[in-house]
Amino acid sequence: MGFSLFASFYSFLATTKVRNANPYTPINPQNNNLLLLANNKTQFPTTLIDGYGFEGAVAKVESLKPVLRESGDCLECLDLIDAAQRLGIDNLLQEEIEAVLKRQYFLLNALEFDPMIDLHKAALLFRLLTQQGYLVTPNLFKIFLDEEGKFNKELRHDIKGLTSLHEASQLCMHGDDILEEAQNFSSHWLNAWVVVHVNHHSATLVHNTLLHPYHKSLPQFMLPNYFGDKQWTNKWIHTLQGVAKVNFNTTQRLRQYELNQFSKWWKESYLGRELNFARNQPMKWYIASLSCLTDVCHSEQRIQLAKAIAFVYLIDDILMYLERWKSSPCSQKLFVDGIWLLLKSYQAACWGKLCKAFLVEAEWFSSEHWPSAEEYLRNGRVSTGVHVTLVHVFFLLGQQISNQTVELLEEDLDIVSCSATILRLWDDMGSAKDENQEGHDGSYVKYYMKEHPSTSFSATQKHIMWKISEAWKSLNREWLYCNPLFPSQFTQASLNIARAVPLFYSYGRNQSLPTFEQHMERLLFHSLDI
């Protein structure tokens, strides 16, 4: 069977175009994993949903709804909501959760804030309301400050309160001085506490909070961390965990089915075999797609998006390969013709921008040109492929497509560039020695230290972490004040990319990716005992 990269890419674009002309079944934001599968068995292979105890799980969900509707204990409801979100089953209780938070938001604004409230409840209330889209002022934390505007040092002993405060501080935006102080205060004392109490039953929870706070991580990857008994005080936790296990195992089988479909396409395309110099990582590309679109109702969209992500990696590798190969005089014309064909094939402007960004990086490498750190970062935002990915997400969702939104997508949207900045800088923290690149790519670290020769590697890392923090503040603003022209799932996908970055690029001492591989294994192949 003959092979052609261009034929494969044209086929992919044509498929995407046809699907955009006739969008998928409209997505209902109220959809949830367990009940969607249980109530729509004809839409999915029966092997995905048989024998998983739906009736019992659904009954448990129904038993929790009156608790949220009727409980007079505000903290009990907030803790239940928090646990449901961390266990990935909050969509099963979406109406009841919204009613609770709406009531709490009304009380917060209609009544004088309780000065006797404890830190855990205040921080949890702030985070849950803000995550739900309610505008809550960080000034509610002023009651915990001393005369100098710092958090009262007596709070350092309140580990539960500090943990919740640290979670709330992740929603910081530019100008939120109190939340910045909250993050500094909580992280300092929690790190100090973990060192001393390494064997304490709460040490694992505190450690996970510091590494993967809820707002900056993906619940489906973190879910296995939340099945211990000692870290919970909610009396409903065993019921929630039982539902979560059924939900996780069911959606895991759907993920396996999607991965199989994508892998089949990859194998039949002959791309991996013919482009033997390029990366061959279909599982990673599928996981990247899953990280973007997390709802079970996006099954077909995830498979199509994984194909787009595969081409991002392939094009990067092809252009880098050609850039090295073109030094041979006899190959000059073929190289130029090849690039022209590639550029011509990108019917969408985003693919053209991506290709040009890759070419710029390849040219820098071959000519040994040293761009400034900021010049590199501007180009690096594009070469992450985040823009291309989110453009495909937008059209695959098939909602609110208009000339206006299409034109806006061609611009450098802040919500896109923020996620791209976070990805590029996190990736470069590993000096680009991950995967099979062998350190040949440039990095922000390299160019920044060239510009500032007296700056140590440690100081450069701190500078990069500051830039990542600043990008998160901007991303939080764009996420909270989302553009109504775009569907909420698009905004969420943008946030999810940034959330997934620490998992994809959590480098160990040898700058490999063992943490990501472990998460991949757990998510796809390790079912939970029920």
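I began with Asn 476, which I found in helix H22; helices (H or I, at least four residues) and strands (E, at least two) are DSSP runs that are numbered from the N terminus. The model is a predicted one, in which local features need pLDDT of at least 70 and side-chain atom pairs count only at pLDDT 80 or more, while totals for chains, interfaces and linings use all residues. Residues are numbered from 1 along each chain as its sequence is written, and side-chain values use heavy atoms, with hydrogens and water left out.

Is Asn 476 buried or exposed? I noted that Asn 476 counts as buried because its relative accessibility is 2%, where buried means under 20% relative accessible area, exposed over 50%, and partly exposed in between (1.4 Å probe, protein chains only). Not counting residues up to four places away in sequence, Asn 476 touches Gln 170, Leu 171, Cys 172, Met 173 and His 215, a contact being heavy atoms within 4.5 Å.

I then looked up the chain as a whole, which has 24 helices and zero strands. Of its 530 residues, 55% are buried, and of the contacts with a separation of 6 or more, 75% are between residues 24 or more positions apart.

Next I turned to the largest pocket, whose volume is about 1,400 Å³. On a 1 Å grid over the protein atoms alone, a pocket is an open set of points where a 1.4 Å probe fits, with protein on both sides within 12 Å along at least five of seven lines, and lining residues have an atom within 4 Å of a point. Which residues lie nearest the centre of this pocket? Among the 48 residues of the lining, I listed Asp 90, Asn 91, Thr 294, Asp 295 and Gln 492 as nearest the centre. H23 gives the most to this lining, with seven residues, and H22 (457-480), the helix of Asn 476, is one of those that supply at least two. The lining divides into 19 nonpolar, 22 polar and seven charged residues.

Leaving aside neighbours within four places in sequence, Thr 294 is in contact with Gln 220, Arg 302 and Asn 496. Pro 219 is 75 residues from Thr 294 along the chain, yet their C-alpha atoms are separated by 9.6 Å.

Key
Grid points are joined across faces, edges and corners, and a volume is the space filled by probe spheres set on the points. Ala, Val, Leu, Ile, Met, Phe, Trp, Tyr, Cys and Pro count as nonpolar, Asp, Glu, Lys and Arg as charged, and the others, Gly among them, as polar.
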